[in-house]
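Open the model in your viewer and keep the selection tool at hand. The tour below goes stop by stop.

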Amino acid sequence: MASSEQSVTKTRVPKVAKVKNKAPAPVQITAEQLLREAKERQLELVPPAFEDSLRKNRSVISNWLKYAQWEESQREIQRARSVYERALDVDHRNITIWLKYAEMEMKHRQINHARNIWDRAVTILPRVNQYKYTYMEEMLTNVAGARQIFERWMEWEPDEQAWHSYINMELRYKEVDRARSIYERFVMVHPEVKNWVKFAKFEERQSNTVGARDVYERAVEFFGEENADEKLFLSFAKFEENCKEHDRVRVIFQYALKILPKEECEELYKAYTQHEKKYGDRGGIEDVIVSKRKFQYEE
């Protein structure tokens, strides 16, 4: 009996001190305040680490980008902007900084901020790839704005892909005449045979036979005899064959074989022979064969 009383005494819960003053504290602390203070303490600790790394080497752009992205992840957009601006002070010709900066603004639907950044970027770097800028404006259904960006870009005579992107944008909105006008400028800036052929095929897709023929004829005149190219004549002849203009096809082949060096005529002879076999008479086929044998003999 005594032992059981002792065990009860051992397991007895100690007394808790009574709270004498049960009135509410003059300043109440909410859960939101606790979270905010925790975040502020975190903000106080992390930036010094970034700042230290930047003080050691300001030219490492990846450190600037990590810093800005961290600020963005904390929803501190204004502070992220400040970091990007400081990074641009270090290297304003670094396109990655401009891209990441603009992408951040677009992600947070700050369109006017994004436009401002793009405008500054393309003013400083007018030859840089501007697809994302034009894409943003097009997605906002600001086609006139996208066109203005392309026009400003084309003044710097960018690469072929930039011109094709501009043409394709106009075609998406059924602006065939505008696309044609861009092609006219394009073949002057990039006057390769393949681009003239693309222009002619564009006219073909518009069912503009007269226009396509005109482009081919202008291309032949543009390159002249000194810079004549077998591929241009092959494409021109194929076009006329599709139009069932077989006499025109023969004239094209005969002219090309006359002006081109013999070592560049192999594909022309093959195409000419195939054409005559399909559409010519016996005399025409024999003429091509004789001409080809003469060519091989002279070689």
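**Stop 1: an edge-to-face pair**

Select F233. At a relative accessible area of 3%, F233 is buried (buried means under 20% relative accessible area, exposed over 50%, partly exposed in between, with a 1.4 Å probe and protein chains only). Before going on, note that this is a predicted model, in which local features need pLDDT of at least 70, side-chain atom pairs count only at pLDDT 80 or more, and totals for chains, interfaces and linings use all residues. Residues are numbered from 1 along each chain as its sequence is written, and side-chain values use heavy atoms, with hydrogens and water left out.

Y255 is partly exposed, with 31% relative accessibility. F233 and Y255 form an edge-to-face aromatic pair, 5.9 Å centre to centre with 65 degrees between the planes. Rings of Phe, Tyr and Trp (its six-membered ring) pair if their centres lie within 6.5 Å; planes under 30 degrees apart count as stacked, over 60 as edge-to-face and the rest as tilted. The pair links distant parts of the chain: F233 sits in helix α13 (residues 230–242) and Y255 in helix α14 (residues 246–259), 22 residues apart. Helices here are DSSP runs (H or I, at least four residues), numbered from the N terminus.

**Stop 2**

The structure holds 16 aromatic pairs. Go to Y183 and F199, which are stacked at 5.1 Å centre to centre, with 5 degrees between the planes. Y183 belongs to helix α10 (residues 176–189) and F199 to helix α11 (residues 193–205), 16 residues apart.

**Stop 3: helix α6**

Select residues 111–124, helix α6. The 14 residues should span 20 Å at 1.5 Å a residue, and the end C-alpha atoms are 20 Å apart, which agrees. The expected span is 1.5 Å times one less than the number of residues. Colour A114, I117, W118, A121 and V122: these are the buried residues of α6. They cover an arc of only 125 degrees around the axis, so they lie on the same side of α6. The arc is taken from the directions from the helix axis to the C-beta atoms. An α-helix has 3.6 residues a turn, so residues three or four places apart point the same way. The face turned away from the buried side carries exposed N112 and T123. The buried residues of α6 pack against α5 (95–107), α7 (131–139) and α8 (143–154).

**Stop 4: two buried glutamates**

Step to E105 in helix α5. E105 is buried, at 1% relative accessibility. What does its side chain make a polar contact with? The partner is the side chain of R81, at 2.6 Å. A polar contact is a pair of N or O atoms within 3.5 Å; within protein, one must be able to donate a hydrogen and the other to accept it, and residues adjacent in sequence count only if both atoms are side-chain atoms. Beyond its neighbours within four places in sequence, E105 is in contact with R81, Q110, H113, A114 and I117 (contact means heavy atoms within 4.5 Å).

Next, pick E72 in helix α3 (residues 61–73). E72 is buried at 11% relative accessible area. Leaving aside neighbours within four places in sequence, E72 is in contact with I77, A80, M104, K107 and H108.
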